[in-house]
Amino acid sequence: MPTIQDAAREFLAQKRIAVAGVSRKGDAAANAIYRKLRAAGHEVFAVNPNADSVEGDTCFRSLSAIPGAVDAVVIATPRAAAEGLVRQCAANGVRRVWMHSSFGHGSVDEGAVRLAQELGLAVIPGSCPMMYCEPVDGFHRCLRWVLRVSGRQPAPLEQAGKGEPDGQ
């Protein structure tokens, strides 16, 4: 089983990442994640079914509206939207999902986590990409440490068939 650091490193090695849950107001955690990934050199795509533009960029109403393939998706929406986004990921060939949380459940929905596993997706069920995307700011570095020492770091779930001969 990979560690959260391994899973985060693999997730953040992807070039094209969609962030679902960005807000037109710019005050959502998703917006901060979007800006951080963009500043780190990722090609990021804002996803919000109710917005045309976010952070000065085109916003897509669904994952299928994004031109070209997306390598990974950060889900930073209300928990109720997570399962639908996992289904969109699978339908669009996205194999890596990170369900954001900072305090409390965040976007982590247990049904969506189970569905992601059933669909063969690699999923990080909790935590925040900003705790691992370099350079990590002091707040997120401290948060990462607190979660680690308190034993509250999420356990990433491997993609089905990964590491097994012939995908079996």
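Which side chains meet in a salt bridge at 2.8 Å, N to O? Those of R9 and D6 do, and they make a handy starting point for a tour of this predicted model.

## Overall layout

Let us start with the whole chain. The protein has five helices and seven strands. Read from the N terminus, its elements follow the order α-β-α-β-β-β-β-α-β-α-β-α. Of the 168 residues in the protein, 47% are buried.

Taking contacts between residues at least 6 apart in sequence, 68% join residues at least 24 apart. The protein exposes about 8,200 Å², and 51% of that area is supplied by carbon and sulfur atoms.

## Salt bridges around helix α1

The count of salt bridges comes to seven, and the opening pair is one of them. R9 and D6 both sit in helix α1, which spans residues 4-12. They are separated by about one helical turn, because they are three residues apart in that helix. R9 counts as exposed, at 54% relative accessibility, while D6 counts as partly exposed, at 36%.

The side chains of E10 and R96 meet at 3.4 Å, N to O. E10 counts as partly exposed, with 29% relative accessibility.

## A bridge between two strands

Now for a pair that involves strands. E43 and R16 form a salt bridge through their side chains, at 2.9 Å, N to O. The pair links distant parts of the chain: E43 belongs to strand β2 (residues 43-47) and R16 to strand β1 (residues 16-20), 27 residues apart.

Are the two partners buried or exposed, or something in between? E43 is partly exposed, with a relative accessible area of 34%. R16, at 17%, is buried, because its value falls under the 20% cut-off.

## Backbone points worth a look

Most residues other than glycine have a negative phi, and most peptide bonds are trans. Against that background, the peptide bond from E134 to P135 is cis, with omega near -5 degrees. P135 is found in the loop between β7 (122-125) and α5.

The loop between β7 and α5 also holds S127. Phi of S127 is near 75 degrees, a positive value in a residue other than glycine. S127 is buried, with a relative accessible area of 2%.

Another positive phi, of about 55 degrees, belongs to E55, which is not a glycine either. E55 lies in the loop between β3 (53-54) and β4 (57-60). Its relative accessible area is 26%, which means that E55 is partly exposed.

## A nonpolar patch

Which residues make the nonpolar surface patch of about 280 Å²? W145, V146 and V149 do. V146 lies in helix α5, which covers residues 138-150. V146 is partly exposed, with a relative accessible area of 34%.

Definitions and conventions
Residues are numbered from 1 along each chain as its sequence is written. This is a predicted model: local features need pLDDT of at least 70, side-chain atom pairs count only at pLDDT 80 or more; totals for chains, interfaces and linings use all residues. Side-chain values use heavy atoms; hydrogens and water are left out. Patches are made of residues with over 30% relative accessible area and no salt bridge: like charges are joined within 9 Å, nonpolar side chains (Val, Leu, Ile, Met, Phe, Trp, Tyr) within 5 Å. Accessible areas come from the Shrake-Rupley method with a 1.4 Å probe; for residues, only the protein chains shown count as cover. A salt bridge is a side-chain nitrogen of Lys or Arg within 4 Å of a carboxyl oxygen of Asp or Glu. Helices (H or I, at least four residues) and strands (E, at least two) are DSSP runs, numbered from the N terminus. Buried means under 20% relative accessible area, exposed over 50%, partly exposed in between (1.4 Å probe, protein chains only). Contact means heavy atoms within 4.5 Å.
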